[in-house]
Amino acid sequence: MTSFLRQVAAFYSQEPALQDHCFVFPNRRSGQFFEKELSELFTTPHIMPRVVTMAEWLEEMNDLYLATTVDSLFTLYRAYTEAFGPAASSFDKFIYWAHIILSDFNDIDMALADVAGLYSNLNDLREIATDYIDPELKTEIQRIFNIEFTDSESFWKNSHHETDDPDSPSAQFYTLWEKLPEIYERFYKLLNERGLTTQGHLYRTMAGRIAQMTASELGYKQMVMVGFTALSVSEDHIFKALKQLGCAHFWWDDAAPAFDLPSNKGGQMVRMFSQRYPAPEPLETIDPQHRQHIHAMAVGSAVGEAKWAFHLIDQMGLAPARRSANVQQLDLPKIDVHNAINTAIVLPDENLFVPLINSVPPGIDCLNVTLGYPMRHSGITTLMHIVARAHRQATHDKTNNRWMFFRDDVKDVLSHPVVKSAFTADVVRIGNL
């Protein structure tokens with residue numbers, strides 16, 4: 001069976017002017033693997049085509065740049081303070097709502113929803129959300145039908161009228177909710193003044209523009225959209241416009257029989273889009289009787305799973321006769337651990353990343369990590385927590401005009417891996433005092 005990206009690469013490998021093509025992928029990783037597959041098919045020097053992610057292509061088309069998370073948070077807070085004036089909360093209080101608001105704005109833009117209408121309808125819905133069931137009737141219903149009545153709407157029931165305290169969390173959130181359409185407009189106006197935008201708004205902008213564009217304005221003779229799955233409303237609009245312009249190919253990795261299972265709702269959605277935007281030629285069919293090796297192994301802990309994963313990889317690098325007895329019976333394929341390009345370890349939880357990396361055996365010297373490492377788990381973050389604690393507990397000696405720190409706090413700083421690796425000699429010298 002030829003891989004999906006290999007089949008797509010083979011289709012274009014004989015094109016005489018690939019530099020006029022732009023291949024768009026949902027993420028950077030798939031684009032990098034496509035470039036590898038395409039380069040292996042060339043026997044003579046070629047000019048490679050443009051390979052970008054959807055977000056990168058939209059940035060180019062709109063002359064805008066994606067704002068970083070920090071930019072978005074501070075710009076959102078500025079929009080919030082402009083909308084509320086002196087009544088605005090401090091940034092420390094606002095930050096707890098900011099991530100939720102940014103996520104909501106992104107979802108709204110990806111769905112091409114009317115912002116003012118959406119929040120107005122939700123506000124009206126919450127206004128009329130109340131409980132008209134008599135308490136005695138409710139008790140009888142609970143007794144006869146064993147139905148539990150939840151109070152999920154209690155926060156919203158006239159929350160801005162039930163309290164006279166404007167500083168209460170419910171009153172502040174309700175007031176913020178009513179102001180969100182205005183904050184939305186101010187937020188994107190402030191970003192646009194700096195040539196910035198968010199990913200969702202980038203999709204919304206392009207979905208509105210592309211219907212009026214011509215094929216020559218795209219900058220490429222052939223657009224090739226590869227490997228997308230379930231499309232958002234904005235993506236669907238962009239794909240529809242590209243299809244009408246007649247300058248785009250669409251490729252869907254949907255050849256597996258699992259996509260036709262009635263219970264596979266996600267697969268059916270991908271199949272629907274693949275029929276709406278058909279590929280230039282069908283992919284290789286996969287034999288439904290093709291044997292798949294699936295092994296389930298019980299491991300006592302999450303960290304144990306991470307260690308066992310690399311144990312299996314290490315064993316797969318050996319000849320079957322040299323493997324341990326418990327691995328030989330699994331009938332695992334032989335791989336080259338120095339170039340295991342077709343081998344992937346998929347983690348169910350990003351917190352397993354650290355124990356997984358710490359379990360890499362000496363024989364494996366090359367890894368391709370897709371998962372972003374959370375800043376809160378980094379050594380710098382833990383060091384800053386220790387330093388902050390040391391300063392909170394420090395005392396000022398007014399006689400000598402100097403600060404004094406607890407010995408345990410100093411030891412924690414000196415024993416931290418970041419400090420030990422950067423100032424090894426100083427750590428040893430101070431530790432011997």
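Here is a short tour of this predicted model, stop by stop. Local features need pLDDT of at least 70 and side-chain atom pairs count only at pLDDT 80 or more, while totals for chains, interfaces and linings use all residues. Residues are numbered from 1 along each chain as its sequence is written, and side-chain values use heavy atoms, with hydrogens and water left out.

**Stop one: the strands.** Select residues 21-25 and 50-53, strands 1 and 2, which pair in the parallel sense over four bridges (pairing takes at least two DSSP bridges; helices, H or I, are DSSP runs of at least four residues and strands, E, of at least two, numbered from the N terminus). Cys22 stands opposite Arg50 of strand 2.

**Stop two: Tyr188.** Go to helix 8, residues 169-193, and pick Tyr188. Tyr188 counts as buried because its relative accessibility is 8% (buried is under 20% relative accessible area, exposed over 50%, partly exposed in between, with a 1.4 Å probe and protein chains only). Its C-alpha is 9.6 Å from that of Ser72, 116 residues away along the chain.

**Stop three: Glu235.** Move to helix 10, residues 233-245, for Glu235. Leaving aside neighbours within four places in sequence, Glu235 is in contact (heavy atoms within 4.5 Å) with Met110, Tyr203, Phe228 and Ala230.

Select Cys247, buried at 5%, then Cys366, exposed at 51%.
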